[in-house]
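Me: I would like to learn how to read a fold from its computed features. Please take one structure and go through it with me.

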Amino acid sequence: MSSSATPTIACPNCKAAASGRFCASCGAPLEGALCSGCGSSLTPGAKFCHRCGTAVGAAPTTSAAQHTGFASALPWAVAGIALVALIALVAGQRFNARPAPSAASASAGADAPNALAGTAPGAMGLRAPDISAMSPRERADRLYDRIMTLDAQGKTDSVQFFAQMAVAAYQMLPEQDADSHYDLGRIAEVAGVPSVASAQADTILQKDPTHLLGLILAAQSARAQGNAAQARTYETKFLAALPAEQKKNLPEYQRHRNDIEAAAAEARKTLNR
């Protein structure tokens, strides 16, 4: 007589024997589990959806339906963003063909779309880079750098504007890694959506529990959501992992070296209070 027993696997979260789509012991998602918010496939063992930030096991809500609608409308949104980028490129090229503006007018136009190029329009007679010639990763990185600069300048409206473009750009990457998850999390954080930042941190830490960028993002998003105790826990783990992780000299650690140094200084200050 053939056996009809459901095969079991070890839960990636609690290591208990589990079957189906969710662990019966801890509720963590297994292979094939879907988010109740947006319908995306969940990373086995994750606590939150990496796409919309919905907690695993949460019941579908009206907002969840809105997330689903957003996901289905994404292809149209991407097409619209591409059109806006093309218009910005053409406008920037025409603008740069004119004589260099005065310092006052250059400052007034700092938030124009072609500021994404990273230089003031017409500065020193240089033309804005052709973003159509950039790789998907270069476009995403350029948007990330622009958003962080705008956030440092306190330009909230501009951060919100470019954040929408950046999220679409990162979703178009052929594959996601710890660097891109951190970037998306930081963008969500400065745009005022810490739950999404927390979900991105969780995705990083599921693959590498001592990854510095995951721990930084987890601590910052926890504090942004008012959970100071959890933030301190992540900061403690961050400082403990710092020496060994820095020796790995990962590319994302080099790119975000300033973030790591600032997080280390802030963690030491916070934990010594």
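Reply: A search of the whole structure finds zero disulfides, a disulfide being a pair of cysteine sulfur atoms within 2.5 Å. This is a predicted model, in which local features need pLDDT of at least 70, side-chain atom pairs count only at pLDDT 80 or more, and totals for chains, interfaces and linings use all residues. Residues are numbered from 1 along each chain as its sequence is written, and side-chain values use heavy atoms, with hydrogens and water left out.

Me: Are C11 and C23 buried or exposed?

Reply: Buried means under 20% relative accessible area, exposed over 50%, and partly exposed in between (1.4 Å probe, protein chains only). C11 is buried because its relative accessibility is 1%; C23, at 4%, is buried too.

Me: Which secondary structure elements does the protein chain have?

Reply: Helices (H or I, at least four residues) and strands (E, at least two) are DSSP runs, numbered from the N terminus. The protein chain has ten helices and two strands, in the order β-β-α-α-α-α-α-α-α-α-α-α.

Me: Where do the buried residues of α10 lie, seen down its axis?

Reply: The arc is taken from the directions from the helix axis to the C-beta atoms. In α10, I260, A263, A264, A267 and T270 are buried. They fall within an arc of 135°, so they line one face of the helix. N258 and K269, on the other side, are exposed.

Me: What do the buried residues of α10 pack against?

Reply: Contact means heavy atoms within 4.5 Å. The partners are α7 (212-224), α8 (228-248) and α9 (251-255).
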